[in-house]
Number of protein chains: 4
Amino acid sequence: MSPSARRTGRPRSAEADRAILGATRAALVELGWAKLTLGDVAARAGVAKTTLYRRWASKCELVVDAIAAVFDEHLEATDRGSLHADVEAVVIRLGSLLERPETGTALMAVIAEAMHDEALRCRVRSAIVDRQKRLVMVGRERARLRGELPREEDPEESARNADLIFDTVAGAVLHRLMISAEPVDPRWARDFTDLLLYGLTGADSGGAAAGPAPDGAQKPAGSV
Amino acid sequence: MSPSARRTGRPRSAEADRAILGATRAALVELGWAKLTLGDVAARAGVAKTTLYRRWASKCELVVDAIAAVFDEHLEATDRGSLHADVEAVVIRLGSLLERPETGTALMAVIAEAMHDEALRCRVRSAIVDRQKRLVMVGRERARLRGELPREEDPEESARNADLIFDTVAGAVLHRLMISAEPVDPRWARDFTDLLLYGLTGADSGGAAAGPAPDGAQKPAGSV
Amino acid sequence: MSPSARRTGRPRSAEADRAILGATRAALVELGWAKLTLGDVAARAGVAKTTLYRRWASKCELVVDAIAAVFDEHLEATDRGSLHADVEAVVIRLGSLLERPETGTALMAVIAEAMHDEALRCRVRSAIVDRQKRLVMVGRERARLRGELPREEDPEESARNADLIFDTVAGAVLHRLMISAEPVDPRWARDFTDLLLYGLTGADSGGAAAGPAPDGAQKPAGSV
Amino acid sequence: MSPSARRTGRPRSAEADRAILGATRAALVELGWAKLTLGDVAARAGVAKTTLYRRWASKCELVVDAIAAVFDEHLEATDRGSLHADVEAVVIRLGSLLERPETGTALMAVIAEAMHDEALRCRVRSAIVDRQKRLVMVGRERARLRGELPREEDPEESARNADLIFDTVAGAVLHRLMISAEPVDPRWARDFTDLLLYGLTGADSGGAAAGPAPDGAQKPAGSV
DNA sequence: TAGTAAGCGAGACGGTACGTCTAGTCTTCTG
DNA sequence: CAGAAGACTAGACGTACCGTCTCGCTTACTA
């Protein structure tokens, strides 16, 4: 039924979809979340409001779709040869993604909105968060194969650890950019990676020995 | 000038300030950020809209002040005897603070808005973030005195490290609650603290040895 | 262009127009000009404020249109058989029109406002004043045909005289009702008509011969 | 009691009264009735709102007092030697009074407001209207002494006639200026005076003999 | 000459209405 | 039927004045 349902009448314009999502991103950059209005988006896209509402039920869902596309474009987990380099790369990429004017703000706003809306939360998670989380899991798996991380027996435990790591990585980047309002530059990425890999007790001194450290994935922790 | 200004005319009612901030918190709990209207806040506070606008220029600024008070009430850095216990306590407290219905969502929304508003960002930082950050620095200093962390020579380096740690701790809690939408319970707090203290390379296996770990501040890292 | 304009989109609801004008008249009667609010009118009409503002830019314009309809309903210049009777009828009708609670006050207020607003003045004139003035001209023409008034050669002179007569008739009624706050009853109508037709020098004594006068359209002027 | 009541305390500033009334007139000219605000008047007068409200209960009363002064300045009934000249002079003076930007508009608005306010109507009448009416009565008395008008026996009848004449004269001037929005120039004043004195039946043709007419107080009526 | 009762400026207060804006829906005509 | 155009209901927005109030200060009469 689903494929045969839309046989009759004028077909929906794919052009319109593209124009709307593009206009949404442009408007987000210019106006920010709060001042973004659907009427304005429709006008920018050269589309009637009706058309817009036929496809998206609300501002939130529209924005989720609009920024999801941007996130997707930047999804890749290249193998850099070591856990340290892989983490650093993920941090940098996540940072540059959230640094873009249309993504960071919008994501925050959508998430804030999603606190009261279970459906929206799911949509955000499946469209954006989970796909990023996969990167972390892929990287961890590679590290295990390289012997940099121990194998984990308990699958439930493993999933819990993956979540913890993702919360830590993504949260730190988010906080750095959104709240501290500082850039995620290479130095910060390196420092954070050191902290994540070797911990506070080990990394604190590691940061001081700045120069040669980055390559040293084997740096002995517990150097207190 | 500041003290001598405002000498003339009827003085502003301190009672009104209190009523407004209280009403704002109540409305946040009941309605959430999105449905919060200044008119409603004024009505709840038994105050004219004018009075509210005289003091706060926008919904954002009002909410920042309203939730800043909540954050302030929960500010304390009790000495739990070890770095591990101190970190865990901070995580738990930060979590329970952001889990409250009036704070988490509101904070996120305000921060999203602050992306376009430098003044608002400053206000958020000085009213909320920086005061929390102090907790981290106090805890770190105590850990140094206990010998759990090395002394740092370079003050600039030290400040950078403090920022990094705060971004990591606060970011992880924020992400866990807001985006993963999972609770910050004691187990997560312990797991995260392990990760923070001993790093991915050390802590990953540590989490498996769940039971007796918390006391084990001396847990050997480098267990890969 | 004018007819081809507005081809597209949903047409304005004629029902709404009627409801709004009716509600305006009702509100004028109940509340008077000063307490009339557009929000209240919209509510009475069961219409959103936006709909009201789409059509009328201000309270004044709305009220002009609302009372113009009332004036229109009462426009007619029946032939009473003599100039005297015609004038009396016009005076009575104009009086009863301005005595109505929704018209008199509102008209005065609108006119007061029109002193600073050329566009409004035109609107008042075309919607209300000029249509009343036609009555005077029709009556005058009839009187000429009857031979009660001399034929006028100069058309410009004729127009000037029509204006003068209208100013005198309408002004007297207006002043009697609005400023002297006395009713326009049959006796006053007769006295005024005598004055208008025969002048101060003739009518003054005429008024004294009160009883039999009304029928006496042939009363000799110059009876001083 | 009344004179002894205000014995104690600081006396009210006469300067403030003058400043307020002056500011009111100025604001009326600039802004018109509708946009005139008491706060603005107070500011222009360099006076606190309290001071203003201590003296006048409302915008209307303030404006009545403010323009009454202007009317008073122009009150005089010089003897021009004939009824015709006297009427013409009154018409011209009344016209030039109402033509002033601050008086005409304000008077209309106040009168409109007075429709709902008996006390205000009395105030207007005693402060403005009745004093003008006296001019008419004085003129009529002079005309009787000159023999231009017959003596009237019945005092009640006489009063009624005075009212009628005043309504006609003032009403025509008012209507000409406020509603027709035409100036009260010498020609109109002469035409109107002709109409008033000789009536429609006599004056209509009189206007045609434009040139030398004004002096012709002896023009035979009944010229139809 | 000290009180004291009012006047005064300044400006905050509770209200009411304003006119504008946006959300989301509905109605019409055109392609 | 989809789409554009735009009118529609509903309701929050932030502003402007209203008329009242609360201050601290000034001014003149009175005891």
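**Some ground rules**

Ala, Val, Leu, Ile, Met, Phe, Trp, Tyr, Cys and Pro count as nonpolar, Asp, Glu, Lys and Arg as charged, and the others, Gly among them, as polar. This is a predicted model, where local features need pLDDT of at least 70, side-chain atom pairs count only at pLDDT 80 or more, and totals for chains, interfaces and linings use all residues. Residues are numbered from 1 along each chain as its sequence is written, while chains are lettered from A and ligands numbered from 1 in the order in which they are written.

**Next to the DNA**

Let's start with DNA strand E. A residue is near the strand if its C-beta atom, placed from the backbone, lies within 6 Å of it. By class, this surface has 11 nonpolar, 19 polar and 15 charged residues. Of the 45 residues around DNA strand E, the nearest are Gly9(B), Arg10(B), Ala48(B), Arg10(C) and Gly9(D).

Two residues are in contact if their C-beta atoms, placed from the backbone, lie within 7 Å. Chain B puts 52 residues into the contact and chain A puts in 53. On the side of chain B that touches chain A, α8(B) gives the largest share, 15 residues (helices are DSSP runs of H or I, at least four residues, numbered from the N terminus). That side of chain B divides into 29 nonpolar, 15 polar and eight charged residues.

**Turning one copy onto the other**

Terms used
Helices (H or I, at least four residues) and strands (E, at least two) are DSSP runs, numbered from the N terminus.
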